[in-house]
Amino acid sequence: PAEHADDRDGYLRMVIERLIPEIARRGLARFCDVFVEDGAFSVEEARAVLRAGLGAGLAPKLHVDQLGDSGGASLAAEVQAASADHLEHVSERGIADLAEAGVVAVSLPIASAVLAQPMMPARRLLEAGVPVAVATDYNPGSAPSFDLHLAMWLACTMQRLTPAEVLHAVTLDAARALLLHDEIGSLEPGKVADFVLLDALDLDHWLYHFRRGAVVETFIGGKRVSARPT
């Protein structure tokens with residue numbers, strides 16, 4: 001912000017000493033997220049912010065290695081982050097660290113396409129044992145679409161994930177990235193029954209044939225909340 005334009009350290013102190021404790025006291029957030037990149041936060045700055053968040057009861061998340069290898073993936077593993085987003089330029093060391101720590105890698109293929117960046121190496125991450133989620137990253141700057149089906153289609157076509165892997169990535173592993181996998185993300189006894197019915201021959205056909213209007217019915221908490229006109 002303008003008042004800290006020439007006082008980077010002062011801004012960080014404000015975030016750590018005032019902003020994070022106040023947000024936690026008011027119960028306004030569950031996570032503390034830092035963007036580690038050249039032109040954003042350094043690894044050292046992010047570590048200090050995330051540790052302050054942990055001390056206030058906010059689980060860590062990171063946006064890392066989007067435009068280059070910043071070492072952010074290893075930091076995500078170090079702080080036991082719930083997830084690390086982007087990872088287009090993640091290193092082999094970063095992949096190994098994420099796998100050991102069990103951090104969810106969140107692929108954002110729409111943003112990668114819009115920014116003409118390489119796609120996150122989802123296949124390498126999965127084969128290394130890293131859980132992979134897929135999301136839209138909807139924002140007006142780099143991912144101007146909230147179409148989850150589009151993100152799933154790109155994950156299949158550009159990242160070479162199978163439809164079954166992508167379905168898992170937007171359900172159970174997406175819930176894991178939010179630390180909600182004990183409540184949502186799969187249809188199991190004791191979990192919230194949120195699901196849609198699709199007009200498709202099967203999962204493979206739905207993701208292969210990219211089209212609008214495939215959702216027939218939507219259920220939230222086991223109750224039908226919408227249905228396509230017949």
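A crossover is right-handed if, with the strands pointing away from the viewer, the path from the first strand over the helix to the second runs clockwise. In this predicted model, strand 3, helix 4 (residues 92-101) and strand 4 form such a right-handed β-α-β unit.

Five strands build an open sheet, ordered 1-2-3-4-5, with parallel pairing. Strand 1 (31-36) and strand 5 sit at the edges; each has a single partner strand, so one side of each lacks a neighbour in the sheet. From one strand to the next, the twist averages 25°.

| Strand pair | Bridges | Sense |
|---|---|---|
| Strand 1 and strand 2 (residues 59-64) | six bridges | parallel |
| Strand 3 (residues 83-86) and strand 4 | three bridges | parallel |
| Strand 4 and strand 5 (residues 132-134) | three bridges | parallel |

Valine 34 lies opposite leucine 62 of strand 2. Serine 83 has valine 104 of strand 4 as its bridge partner. Valine 106 is bridged to alanine 133 in strand 5.

**Strand 4**

In a regular strand, side chains alternate between the two faces of the sheet. Strand 4 (residues 104-107) shows Val104 and Val106 pointing one way, and Ala105 and Ser107 the other. All four are buried.

**Cysteines**

How many disulfides are there? The count is zero, with a pair of cysteine sulfur atoms required to lie within 2.5 Å. Cysteine 32 has 7% relative accessibility, so it counts as buried, the limit being under 20%. Cysteine 156, at 13% relative accessibility, therefore also counts as buried.

Definitions and conventions
Residues are numbered from 1 along each chain as its sequence is written. This is a predicted model: local features need pLDDT of at least 70, side-chain atom pairs count only at pLDDT 80 or more; totals for chains, interfaces and linings use all residues. Side-chain values use heavy atoms; hydrogens and water are left out. Buried means under 20% relative accessible area, exposed over 50%, partly exposed in between (1.4 Å probe, protein chains only). Helices (H or I, at least four residues) and strands (E, at least two) are DSSP runs, numbered from the N terminus. Two strands pair if DSSP finds at least two bridges between them. Axes are lines fitted to C-alpha atoms, for helices over the stretch in contact, and angles run from 0 to 180 degrees between N-to-C directions.
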